[in-house]
Amino acid sequence: MNPSERYKELTKTIRYHMDRYYNQDDPQITDHEYDQLMQELKTLEKEHPAWITPDSPTQRVGGAAKREAGVLVRHNVPMLSLQDVFSKEEVTEFVNDMKEQLEEAEFVVEYKIDGLSLALRYEDGVLKLAETRGDGINFGEDVTANAKVIKDVKKKLKQPLPYLEVRGEVYMTNEDFEKVNARQELAGKRVFANPRNCAAGTLRQLDTSVTKERGLSMFVFNIQQVRGGTFETHTQGYEYLKKQGIPVIEDYRICHTAEEVWDAICAIGENRGKLPYDIDGAVVKLNRIADREKLGATSKVPKWAVAYKYPPEEKEAKILDIEVSVGRTGRITPTAIFEPVRLCGTTVSRATLHNQDFIDQLDVGIGDYVKVYKSGEIIPKIREVLKEKREAGVKRYHLPDTCPVCGTKTVREKDTADIRCPSPDCPSQIERKIINFVSRDAMDLKGFGTVYIEELVRRGFIRNIADIFVLKDHRSQLIEEGIIGKEKNTDKLLNAIEQAKQRDACQLLTGFGIPNVGKAAAKAVMKHFGTIEHLASASVEQLTQVPDIGTVSAECIRSFFADASNQEMLKRLQDEGVNMARIEQAGASERFAGMTFVITGTLPGLERKQAAEMIEQNGGKVSGSVSKKTTYLLAGENAGSKLAKAKDLGVQVISEAQLLEMTAVQQD
C-alpha cells in the first residue's frame, strides 16, 4: 500500500475509533493501540504536510457534542487535549524547550486520570453550570443536574469569587465500578467495559437518581478562568481549591529539571497499580500562570503541557485451567486461570475469555502460554497465544454443551456470541429474577434488598417468584436465624409482601422479566387484555394486534406462558391471592389515546416521571425523540435541540401548565 492510500485508511480508521471513544463511550481498541495509529498518522503528515486538512484527526480535540445528552452550551474557555509523548527523550525535549523559552521554568507532574472531562462555572461562589468537553472548541453539553449529585462537586464555595471556572475529570473508583456492574448483572442489563465508559455514560444520561446511585467522583486539575482574584501558580490555585473542599489531583510534584520530571513520571508509573482508580498517563505542565499565558496554545493543544503515556505492561503466563461459570442471566462465561504474574503493581492470575468466539479467535487451550496485560491498567486480559511455545497435546478449548450448574443443555442466542442456560429453574438465575421482580419498576417491594435475596435463595427459601408470597409461613425460622433481621424487620418485610399482592397486574407482568417486555410493553399488553388469565391464552397473532408489540415480543410472551413451570408459578400466585387484573386508576381516561408526547427540559413542578405517568394514565404514549409522529412536545426550561426540531417539524409545543389544564378538563 502506498503512503497516500495508507494515509486515507488511517484517517478513516482513527475517525471511527474516535467516535467509539468520545461519542459512544464504547472503545473497541486499547488506548495504546489508538496511540500507535495516531503516531503513524502524525508521521505521515510530517512527511507530507500538504495532506493535512482542518478535519484531520490530528487537528481535532475530541468528539462531537451530543444534543440528546443535554442542552448545548458554548465554552467560555476551550477544553483542549494534551500533546502525547511516549519516551524519556520526548519528555526531556519538552522540558529543555520550556527552559530555553522561559526564565527558571517550573513544572508540576501529576496523575492523568482516566475519565470524562468536565468544566464547572461558579458565579459569586455558587455553581451555575457544569459542561462536558463536547467538541473541545465551541460546544459542550450542559450536565449541571447530574454534576450536582456528584459528591466531590461543591455547589457553593466557602471563599467566593465573582467568577471561577475550573476543569476536572469525572471518574469512577474501581470499587464503585464493580458495584455498578454487579447491579447491572443482577438486573440482567449490559455490563460496562471499564470505569471510564461507565462514568461517561452515567454523566450523560438524563436521570439524576441513576447518577447519584452509581457514585461518581471528580478531581479538579486546572483553574480555567478567574475574575476577582489572581493565582500566580497552578499549585497556588490548588491550595485555594483545597480550602473550598474541592478535591484536586493527588500527590503532585514540583520539579525544575528534566531528570526530576522523569523521576516523578517513573514514581507515578510504579504507584499506578496501587491506586483505587484508573490513570492513563502522567501530565507535565508549567506551574506559573504567566508562563502559560506567554506560550499560549495551538488549535488543539496547549504549548505548556504534555501527557506521558506509559507503555502497556505485558507478562508471559501459562494457562493452568479454564473455569466455566453461569451468570445470573444464564450466560456461560469461561475464565482462564494462569500462573500468577505481577502487572501494574498487583498480582493477577485470572482473565475472562468472554465466549466461544473469543476462544476460537485466540485459539487458546489449557496448557498454552499467553501474553497477559491490564486493560486500563486494571482489568487483566489475554492478548495472544504464544503458538511457538505450544506443547504437544494442547488443543483449543470448547465450552461444555450443558450447564455446569444444573446440567441443562445450553443454547446459543440468535445473532450473538452468548451461550446460555435456558432453564428457568437454574439456581444461578433465580437471584436476578427475584431482584427484577421486587424492583421499583416492577412490584416495588421496598426494603427487599439484594443481600436478603441472596441469602434467602442460598438457604432455599426462594426458588421462584411464587416463593416470595409464602415466606410468611417461615416467619419463626426467619426470625430465629436472623436472615432478614429481628422480629421488627422481618414483620416489616412480610407486611410489605402482603401489601404487594394488590399491585396492578401491569407491575406483575413487568416483574416476570419476560425478554423484550419492559414496563411500557407490559402496560400496553395489560391495557389490551385486562387480566393475566386472558393474556396467558393469547396467540402470537392476537398479541401482535397490541400497539407497539412486535412479533419478537409476542413470541417471548407466548413462550413464557406456554412453559409448564411458569404455569405452575402462576397458579401458586393466584392461590396466594396475588392480583392478576389491571386496576383502573382514579382519573384515568382515553383523552390522549393515539397521541405521542416527548418531554424535554426541566419542568417547574413535575418530575419527568410524574409527567410521563400522567400522560400514560390518560391513554397517551411517551417517546424519547421528536419525529413527524410526535403529537406534542412538553417543554420545560433549557429545552434544547428537541424544541428546535419540534418547531422545524411543526409539532405543537405545550407547557406543564397546559398539560395540567388538558388533563383537568377531562377529569371535570
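Tutor: The questions below concern a sheet, the helices on it, a helix pair and a single helix in this predicted model.

Student: In what order do the four strands of the open sheet lie, and which are the edge strands?

Tutor: Strands of a sheet pair through backbone hydrogen bonds, either parallel or antiparallel. Here the pairing is antiparallel, and the four strands lie in the order β5-β4-β7-β8. From one strand to the next, the twist averages 25 degrees. A strand that pairs on one side only is an edge strand, and these are β5 (126-132) and β8 (217-227).

Student: Which residue of β5 is the bridge partner of Y122?

Tutor: Strand β4 (residues 116-123) runs antiparallel to β5, and six bridges join the two. In β5, the residue bridged to Y122 is L127.

Student: Which strands does helix α8 touch, and what angle does its direction make with that of β8?

Tutor: Helix α6 (residues 195-204) lies across β4, β5 and β7 (163-171), at about 40 degrees to β4. Helix α8 (residues 234-243) also packs on the sheet, where it touches β7 and β8. The angle between the directions of α8 and β8 is about 115 degrees.

Student: Is α3 parallel or oblique to α9?

Tutor: Two packed helices are described by the angle between their axes and the distance between the axes. For α3 (residues 88-101) and α9 (residues 258-271), the axes come within 9 Å and cross at roughly 135 degrees. Angles over 145 degrees would count as roughly antiparallel and 65 to 115 as roughly perpendicular. The crossing at roughly 135 degrees therefore makes α3, relative to α9, oblique.

Student: Which residues of α9 make the contact with α3?

Tutor: The crossing of α3 past α9 is right-handed. From α3, the contact involves K88, V91, T92, V95 and N96. From α9, the residues are A258, E259, V261, W262 and I265.

Student: Why do the buried residues of α23 line one face of the helix?

Tutor: The buried residues of helix α23 (residues 641-649) are S641, K642 and A646. Seen down the axis of α23, these residues line one face because they fall within an arc of 140 degrees.

Technical notes. Residues are numbered from 1 along each chain as its sequence is written. This is a predicted model: local features need pLDDT of at least 70, side-chain atom pairs count only at pLDDT 80 or more; totals for chains, interfaces and linings use all residues. Side-chain values use heavy atoms; hydrogens and water are left out. Buried means under 20% relative accessible area, exposed over 50%, partly exposed in between (1.4 Å probe, protein chains only). The arc is that of the directions from the helix axis to the C-beta atoms. Two strands pair if DSSP finds at least two bridges between them. Axes are lines fitted to C-alpha atoms, for helices over the stretch in contact, and angles run from 0 to 180 degrees between N-to-C directions. Contact means heavy atoms within 4.5 Å. Angles under 35 degrees count as roughly parallel, over 145 as roughly antiparallel, 65 to 115 as roughly perpendicular and the rest as oblique. A crossing is left-handed if the near helix is turned anticlockwise from the far one by less than a right angle, and right-handed if clockwise.
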